[in-house]
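Subject: Structure handover and findings

Dear colleague,

Here is the structure for you to look over. My notes on it follow below.

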Amino acid sequence: MEARATAAAGDAAACTRAMAAAETEFVRSRPEEDPEWIGYFDACEFTDELAHCHRDLGRAAAARTHAEECLRLSTGDDYARSRSFSHIVRVAAVLAQNELDEAAALGTAVLPLVERTASARVRGCLDSLVRRFTAHSAHPAVREFLDRSVPVVGRLPIRRGQ
């Protein structure tokens, strides 16, 4: 959580230190000895946290790598909400790499996941993602994604004339 907070604050050095310390502790952890309340925190959750940190620091390639690793590790319905976050981070990373067609396709694929999740936090993350897309609204694939996002986010964040 320290890494996430420092990433959100834009402190790359502090975030990098916190991620390194977290990785050291995570590798040393013994899940069978952990308290029950932290039982959900596995390799998938850890890589998702790293993906969020890198996204917040503007490190698109690293964010994408970690988000994709989290998605590879996650299976089953137990991870539906976490997978939604990871998908959104991956889409944001692809968008930051200026891969507009791929980002729009991945964004469109995540819409049904968000609808099924019924999580206000996931919907808030989708809303933030949609806002990131608006800078590219002239691109046809992005425009299509933005139009398809309306039923999920409840409005189009830009005017039609833009």
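Ring pairs link Phe-26, Tyr-40, Phe-41 and Phe-46 into a cluster. Rings of Phe, Tyr and Trp (for Trp, its six-membered ring) count as a pair if their centres lie within 6.5 Å; planes under 30 degrees apart make the pair stacked, over 60 edge-to-face, and the rest tilted.

Before the details, a word on the source. This is a predicted model, in which local features need pLDDT of at least 70 and side-chain atom pairs count only at pLDDT 80 or more, while totals for chains, interfaces and linings use all residues. Residues are numbered from 1 along each chain as its sequence is written, and side-chain values use heavy atoms, with hydrogens and water left out.

Aromatic pairs

The count comes to five aromatic pairs by the ring rule. Phe-26 and Phe-46 are stacked, because their ring centres are 4.7 Å apart and their planes lie at 0°. This pair links distant parts of the chain, 20 residues apart: Phe-26 is in helix α2 (residues 12-28) and Phe-46 in helix α3 (residues 43-56). Helices here are DSSP runs (H or I, at least four residues), numbered from the N terminus. Tyr-40 and Phe-41 are edge-to-face, because their ring centres are 6.0 Å apart and their planes are at 90°.

For accessibility, buried means under 20% relative accessible area, exposed means over 50%, and partly exposed is in between (1.4 Å probe, protein chains only). Phe-46 is buried, at 10% relative accessibility. Phe-26 is partly exposed at 24%, and Phe-41 is partly exposed at 24%.

Pockets

A pocket is found on a 1 Å grid over the protein atoms alone: an open set of points where a 1.4 Å probe fits, with protein on both sides within 12 Å along at least five of seven lines; lining residues have an atom within 4 Å of a point. Grid points are joined across faces, edges and corners, and a volume is the space filled by probe spheres set on the points.

The largest pocket holds about 520 Å³ of space. Of the 24 residues that line it, Met-1, Ala-22, Phe-26, Phe-41 and Phe-46 are the closest to its centre. Two or more lining residues come from each of α1 (2-8), α2 and α3, and α2 gives the most, with six residues. The lining of the largest pocket has 16 nonpolar, two polar and six charged residues. In this scheme Ala, Val, Leu, Ile, Met, Phe, Trp, Tyr, Cys and Pro are nonpolar, Asp, Glu, Lys and Arg are charged, and the others, Gly among them, are polar.

The second largest pocket holds about 170 Å³. Its lining is made up of Arg-4, Tyr-40, Glu-45, Asp-48, Glu-49, His-52, Arg-81, Ser-82, Phe-85 and Arg-121. Here the elements giving two or more residues are α3 and α5 (80-96), and the largest share, four residues, comes from α3. By class, the lining of the second largest pocket has two nonpolar, two polar and six charged residues.

Single residues

Ser-74 sits in the loop between α4 (60-73) and α5 and is buried, at 8% relative accessibility. A polar atom of the Ser-74 side chain lies 3.2 Å from the backbone oxygen of Leu-71. Leaving aside neighbours within four places in sequence, Ser-74 is in contact (heavy atoms within 4.5 Å) with Cys-44, Tyr-79 and Arg-83.

Arg-55, in helix α3, is buried at 18% relative accessibility. Not counting residues up to four places away in sequence, Arg-55 touches Ala-63, Val-89, Ala-92 and Arg-132.

Leu-95 lies in helix α5 and is buried at 6% relative accessibility.

Ala-120 belongs to helix α7 (residues 120-133) and is exposed, at 68% relative accessibility. Ala-120 and His-139 are 19 residues apart in sequence and 29 Å apart in space, C-alpha to C-alpha.

Asn-98 lies in the loop between α5 and α6 (100-117). Its phi is near 65°, a positive value in a residue other than glycine.

Regards

How values were computed
A polar contact is a pair of N or O atoms within 3.5 Å; within protein, one must be able to donate a hydrogen and the other to accept it, and residues adjacent in sequence count only if both atoms are side-chain atoms.
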